[in-house]
Amino acid sequence: MENYESIEHVLENMEEKIVYKTKDSLLPGILLLIAAVITFVLMSINEWSTDSIYPYLFFVSGFVFAFIGVMKVFIRKSCFVSSVNHQKLKTFELYFDANERDKMIRLYTNGKIDEIRFLKRSINQGLRIRVLATKDMHLCYSQIIGYIPFEHVNLTYPMKHVMSELNI
């Protein structure tokens, strides 16, 4: 079986003037860390009675803010952004019956994308079309992915589409 490139690999090797890869902002993580520091400071500067529950609430909420803040700072999702209109490329997938595989690949490689919508759909059969596109469909790539035991395999090369072509 041939080893085709994934859509992400194609997008990573494109020029920066078409699409670029970026990571989410650090701002939410930093704001959560600041909120954690503020909660710990508020907990320590006030004198609480021994039977009060508030110091425990401040401690737990400060700990939760700090933990989520550290996670958001160090674990950030990366995404692809179109350089033309600065929109993120979103991923969506359409699942089809595995018995339609040969017909689907034939239609896909011949450029008859609009006829794929008439094929039988199924969620658990392991054949899908993966699409990465901007909201306005200015930049749109798709690829057929199949499931063979214990792994997903790219069955076609990624194909670039125009807005009128993709009516799935």
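This is a predicted model: local features need pLDDT of at least 70, side-chain atom pairs count only at pLDDT 80 or more; totals for chains, interfaces and linings use all residues.
View A. Residues are numbered from 1 along each chain as its sequence is written, and side-chain values use heavy atoms, with hydrogens and water left out. The buried residues of α4 (residues 101-109) are Met104, Ile105, Leu107 and Tyr108. They line one face of the helix, because they fall within an arc of 165 degrees when seen down the axis of α4. The arc is taken over the directions from the helix axis to the C-beta atoms. Buried means under 20% relative accessible area, exposed over 50%, and partly exposed in between, with a 1.4 Å probe and protein chains only. Helices (H or I, at least four residues) and strands (E, at least two) are DSSP runs, numbered from the N terminus.

**View B. Helix α2 covers residues 27-45.** Its 19 residues should span 27 Å at 1.5 Å a residue, and the end C-alpha atoms are 27 Å apart, which agrees. The expected span is 1.5 Å times one less than the number of residues. Gly29, Ala36 and Thr39 are the buried residues of α2. These residues line one face of the helix, since they fall within an arc of 80 degrees seen down its axis. Leu27, Val37 and Ile45 are exposed on the other side of α2.

**View C. Isoleucine 68 sits in helix α3 (residues 54-74).** The residue is partly exposed, at a relative accessible area of 38%. Its C-alpha atom is separated by 9.7 Å from that of proline 28, which is 40 residues away along the chain.

**View D. The largest pocket holds about 200 Å³ of space.** A pocket is found on a 1 Å grid over the protein atoms alone, as an open set of points where a 1.4 Å probe fits, with protein on both sides within 12 Å along at least five of seven lines; lining residues have an atom within 4 Å of a point. Among the lining residues are Glu8, Asp24, Lys77, Phe80, Lys90 and Arg130. By class, the lining has four nonpolar, two polar and six charged residues. Ala, Val, Leu, Ile, Met, Phe, Trp, Tyr, Cys and Pro count as nonpolar, Asp, Glu, Lys and Arg as charged, and the others, Gly among them, as polar. Strands β2 (78-82), β3 (90-96) and β4 (127-133) each supply at least two lining residues. The largest share, three residues, comes from β2.

**View E. Histidine 86 and methionine 137 have positive phi values.** Most residues other than glycine have a negative phi. Histidine 86 lies in the loop between β2 and β3, where its phi is about 55 degrees. At 54% relative accessibility, histidine 86 counts as exposed. Methionine 137 is in the loop between β4 and β5, with a phi near 60 degrees. Methionine 137 counts as buried, at 17% relative accessibility.

**View F. Strands β5 (residues 140-148) and β6 (residues 151-154) pair in the antiparallel sense.** They do so over four bridges, and two strands pair if DSSP finds at least two bridges between them. Isoleucine 145 stands opposite asparagine 154 in β6. The hairpin has two residues between the strands, and its phenylalanine 150 takes a positive phi near 75 degrees.

Technical notes:
Grid points are joined across faces, edges and corners, and a volume is the space filled by probe spheres set on the points.
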